[in-house]
Amino acid sequence: MGRVRRLSPFLALLLLLSAVMTANAPAFALAWNGDMEPLAQYRTYCQTYGDRDPGCAVGLGGKVGTPIGADRVDAGRATLGMAVMVHRQVVGDLVYREDKQDRWEILGTPGRGMSGDCDDVVMTTISRLLRRGYPRAALRATIVRLPGNGGHHLILSVRRQSAQGVEEIFLDDRHHHPMRPEQLAAEGYVFVAQEVPGRRHWRRAESQPALMVAERSE
């Protein structure tokens, strides 16, 4: 019998992605409609990191003329696989600390260490992906409400091109694999709002079962 070849971690991750992204889930339509003021935590984040995060609008502390790139990445599994791997590395580096002041930080910044919570995971993942050439416009911090009385939570949307148009895949420190919006909705997540890189205002979620959307369009 020949030797059994072990898969590289990255190849194993791509195979996992293939299985996860083809999994069945209830029909669900995720739509964004309407502006809202960003949270105070996001404004403070941009005042601190606006010189290195092109997603921060100039009015919030961002730099003038900083390009945010395309609003989607290609649909290749390798592109998503790298994003998932970087996200898991950040989660692995994190020393979880509930932030009483709820400051959004980029972990590893000198003097700030690697302790934090979900919002620090999202913003740190964005920072690391930017260094790998991902366009900022395709990476979007997203506020959700957790099932039951779990409160609000921050996850990361990776927008990518598909045969049907632009789709959003979510990276969440509560899951080890990427999630589609319908998968999160099936668990009881409620989408609340999402940043629009380069713009001052965030956008609100208008998410309903696909059947209701179809009925209203008739």
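pLDDT is the predictor's confidence in each residue, on a scale from 0 to 100. You'll want that here, since what you're looking at is a predicted model: local features need pLDDT of at least 70, side-chain atom pairs count only at pLDDT 80 or more, and totals for chains, interfaces and linings use all residues. Numbering starts from 1 along each chain as its sequence is written, and side-chain values use heavy atoms, with hydrogens and water left out.

Let's start with confidence. The chain has a mean pLDDT of 84, with 79% of its residues at 70 or more. Helices (H or I, at least four residues) and strands (E, at least two) are DSSP runs, numbered from the N terminus.

Six strands form an open sheet in the order E1-E8-E7-E4-E5-E6, with antiparallel pairing; two strands pair if DSSP finds at least two bridges between them. Strand E1 (32-36) and strand E6 (165-171) sit at the edges with a single partner strand each, so one side of each has no neighbour in the sheet. From one strand to the next, the twist averages 35°.

Zoom in on E4 and strand E5 (residues 152-162), which pair antiparallel over seven bridges. Here Arg145 has His152, in E5, as its bridge partner. Helix H4 (residues 118-131) packs on the sheet, touching E4 and E5, and its direction makes about 30° with that of E5. Axes are lines fitted to C-alpha atoms, for helices over the stretch in contact, and angles run from 0 to 180 degrees between N-to-C directions.

How values were computed:
Contact means heavy atoms within 4.5 Å.
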